[in-house]
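Have the model open while you read.

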Amino acid sequence: MAKLYTNSLLQPTRWRTREVRVGDLVIGGKTPIVVQSMTTPSTQDTKATVDQMEKLSEVGCQLMRVTTPTQADIDNLPAIRKEMKRRGIHQPVVADVHFLPKLALQACDFVEKVRINPGNFADRKKFETKSYTDAEYEEELHRIRDAFLPILQRAKTNGVALRIGTNHGSLSDRIMNRYGDTPLGMVESAMEFVNIAVAEDFHQLVLSMKASNTQVMIQAYRLLVSRMKEADMNYPLHLGVTEAGEGEDGRIKSALGIGSLLADGLGDTIRVSLTEDPEAEIPVAQKIVNLFALPHEDSPVCDMISPSWPLFEHVRRSTKELVSSFQVGVGGEHPIRVRTELEGNAGAKQIRENQSDPPFEVVVVSEKKDERVSWPIGTGCAYVRRPSSDSPLEKGREFFDELSLSINEAWLVSEYQEKLREKLQGKPLWLRICSEKNISTALSFARELKNQISLGIEVEGPTLTKLTRQLVLKLSEVQMNPPLHLHLQTPLSFSKEEAQILAAKELGGLLCDGLGDSVEISSAHGSAFNHRLAYNVLQASRRRMFKTEFISCPSCGRTLFDLQETTDRIRKKTGHLKDVKIAIMGCIVNGPGEMADADFGYVGAGPDRIHLYVGKECVVRHIPTAQADERLIELIREKGRWTDPQ
């Protein structure tokens with residue numbers, strides 16, 4: 001059994017990693033989490049690159065990465081360093097190298113850190129299927145070692161750190177053929193290089209496991225930490241969701257992946273990858289750190305809990321189906337539902353008069369004092385949430401479809417239970433748990449009622465993860481499996497962006513663990529915002545696709561077209577499609593690999609030239625940019641995935 005990736009599922013503290021020095025900066029140990037970004041101009045353009053570095057410096061970027069795909073890029077690094085010094089920009093610089101070990105070797109003379117991708121280091125990805133014997137596999141490792149050793153020696157001499165940066169989309173054919181395109185394959189890819197470095201007594205390493213799929217990303221980092229703990233290693237982690245996209249979607253995906261790991265005590269430096277100007281990434285990264293980073297503890301709590309849900313793969317928790325009187329099923333094999341809260345008759349009227357995309361599915365009607373709600377029967381599932389200060393029986397409506405009750409000790413009295421059974425008459429009951437101390441009371445109450453009614457359990461509050469984990473552990477102990485409703489209440493002071501970030505981590509992280517059968521968000525920004533945010537979190541966690549998924553890289557000096565403009569243009573033409581994943585990649589470094597997670601791909605192939613992919617197969621090569629959009633739409637039509645916009 002794999003080692004637990006965190007010291008505690010219920011009371012985690014930050015994992016103490018080895019200190020790695022990057023110039024004057026320290027990553028790992030007891031130091032605060034480092035926020036970094038990457039420049040987008042060509043590294044051969046000194047002025048444009050340093051202009052952007054200046055903007056990044058002004059917003060608090062602590063570490064800056066540049067791409068060095070060619071010899072000309074390496075040759076221009078001294079000019080960039082000279083101009084940085086002239087302008088008073090003192091942040092350390094990382095060189096991002098792919099494919100050519102000789103460039104990584106030279107970069108060690110000019111920067112404080114070099115990133116290499118184990119998936120394409122000394123390898124050209126051909127998507128070839130080959131069965132390696134153990135001897136052939138070992139021969140490949142010797143070839144990699146011979147190419148890697150000079151870099152280790154130069155980095156040790158110059159005091160340069162190395163990032164072993166694995167990408168889900170660019171695993172080598174060797175790894176793909178033995179382990180598949182999996183979190184395990186990602187970990188094995190990195191550990192091959194780590195083991196070579198350790199054998200040479202080189203320890204200035206930072207590791208990353210990036211993916212555009214948040215489930216894969218979270219699982220890969222957990223598995224990596226588990227593997228390191230088994231080997232008595234503790235190298236710092238660089239966290240990031242690659243190709244996260246733009247706007248709300250990019251922020252939600254980034255916060256989901258990065259925030260979930262930070263909240264379990266993992267991560268020493270982060271990069272938020274948005275298809276926006278790099279300086280827009282830093283404030284988002286800072287918010288994620290401020291909300292979720294944990295303190296170090298000299299004597300952390302180490303529990304021996306054996307979780308009842310998988311930690312290194314996604315399997316949805318099996319629950320009992322609950323069906324309302326409007327036949328809206330929750331739990332079982334039903335999709336994860338979205339509840340939206342609307343107040344009183346005004347809320348009911350809003351549902352009647354407005355069509356929503358995505359549609360309203362389960363609606364909470366919160367009754368106001370002395371108001372009887374006239375619910376428009378047939379337009380959805382009506383659900384009554386009584387104020388917790390009211391008696392559940394004395395002021396209840398004569399008609400409701402579902403009832404939600406907050407748990408307190410008084411309701412264990414048998415008199416209430418008898419009246420409740422009579423009132424419900426088989427209608428669903430949701431027991432609402434708002435704190436740890438109510439779990440035992442709720443489960444005792446549930447055991448008394450479960451044979452007479454349809455029962456669900458609701459977890460409610462601003463921090464759901466610990467409460468939900470505790471509840472699921474208890475439910476497993478008593479062998480109960482009611483559906484779970486996750487209700488996040490964001491602080492009233494939170495901005496829209498902060499609400500998005502909190503919802504992504506608190507709801508999305510649990511969903512990626514397979515926990516939760518319905519979700520709901522309450523914030524200060526109105527029911528329409530809450531409603532769409534809940535669906536966006538479901539999409540980001542890959543639990544329910546309701547719109548087009550755009551996998552777009554954040555741009556860099558390798559990008560061969562205006563990525564922001566192109567993404568916006570393609571989004572306008574294809575954004576109405578349901579459950580279709582489209583990747584928009586600036587170059588061929590990660591592009592072909594990421595096609596494995598996308599249905600269709602649009603990849604820069606050269607000046608004014610585009611490759612188009614279906615899955616990971618390139619089906620149209622070197623098409624002029626002016627023709628690429630329409631040809632992409634034709635491909636979607638040919639594969640039967642196109643629908644005309646409403």
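1. Start with the lining of the second largest cavity: its residues split into 4 nonpolar, 3 polar and 5 charged. Here Ala, Val, Leu, Ile, Met, Phe, Trp, Tyr, Cys and Pro count as nonpolar, Asp, Glu, Lys and Arg as charged, and the others, Gly among them, as polar.

2. Remember that this is a predicted model, where local features need pLDDT of at least 70 and side-chain atom pairs count only at pLDDT 80 or more, while totals for chains, interfaces and linings use all residues. Numbering runs from 1 along each chain as its sequence is written, and side-chain values use heavy atoms, with hydrogens and water left out.

3. That cavity has a volume of about 90 Å³. A cavity is a set of points on a 1 Å grid over the protein atoms alone where a 1.4 Å probe fits but cannot get out, and lining residues have an atom within 4 Å of a point. Of its 12 lining residues, D249, K253, Q539, K547 and E549 lie nearest the centre.

4. α9 (247-262), α16 (527-540) and β21 (549-552) each give the lining at least two residues. Helices (H or I, at least four residues) and strands (E, at least two) are DSSP runs, numbered from the N terminus.

5. β21 also belongs to an open, mixed sheet of 5 strands, ordered β21-β22-β23-β24-β25. β21 and β25 (617-624) are at the edges with a single partner strand each, so one side of each has no neighbour in the sheet. Pairing takes at least two DSSP bridges between two strands.

6. β21 and β22 (581-585) run parallel, joined by 4 bridges; I551 has A583 as its bridge partner in β22.

Notes:
On a 1 Å grid over the protein atoms alone, a cavity is a set of points where a 1.4 Å probe fits but cannot get out, and a pocket is an open set with protein on both sides within 12 Å along at least five of seven lines; lining residues have an atom within 4 Å of a point. Grid points are joined across faces, edges and corners, and a volume is the space filled by probe spheres set on the points.
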